[in-house]
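Reader: I would like a close look at a single part of this model. Please keep it brisk and spell out the cut-offs.

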Amino acid sequence: MRRPPDILVYELGAECAMDGGVLRLLRRICPDVPLVIVGEGGSLEVQRRLQEFRPIFFAIHPMDQAEWRDVVRAATASRTRGSANDTRQD
């Protein structure tokens, strides 16, 4: 991708077997883009399995507007900090 997105939001499917494959592909294409995963429930086992994809946030439906705003701000701030670190000269 020439210009990766500022944030990736991925909604888990209900019992979707493809979620892991899609998330692996997203991480291969955009390894440093902040990832937010949204799901219907969130057992500890599910959250543990999702940790390999390094999400910055795991959200449970429904999320209110203020929560979305906070997550997007945190994601873009972390992306900005990461970009500043990438451009420093040694």
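How many bridges join strand 1 to strand 2?

Author: Four bridges join strand 1 to strand 2 (residues 35-39), and the two run parallel. A word on the basis comes before the rest. The model is predicted, so local features need pLDDT of at least 70 and side-chain atom pairs pLDDT 80 or more, while totals for chains, interfaces and linings use all residues. Numbering runs from 1 along each chain as its sequence is written, and side-chain values use heavy atoms, without hydrogens and water.

Strands (E, at least two residues) and helices (H or I, at least four) are DSSP runs, numbered from the N terminus. Two strands pair if DSSP finds at least two bridges between them.

Axes are lines fitted to C-alpha atoms, for helices over the stretch in contact, and angles run from 0 to 180 degrees between N-to-C directions.

The sheet itself is open, with three strands in the order 1-2-3 and parallel pairing. Strand 1 (8-11) and strand 3 (57-60) are the edge strands, each pairing on one side only. Neighbouring strands are turned by 20° against each other on average, direction ignored.

Arg 24 forms a salt bridge with Glu 52, their closest N and O atoms being 3.9 Å apart. The rule asks for a side-chain nitrogen of Lys or Arg within 4 Å of a carboxyl oxygen of Asp or Glu.
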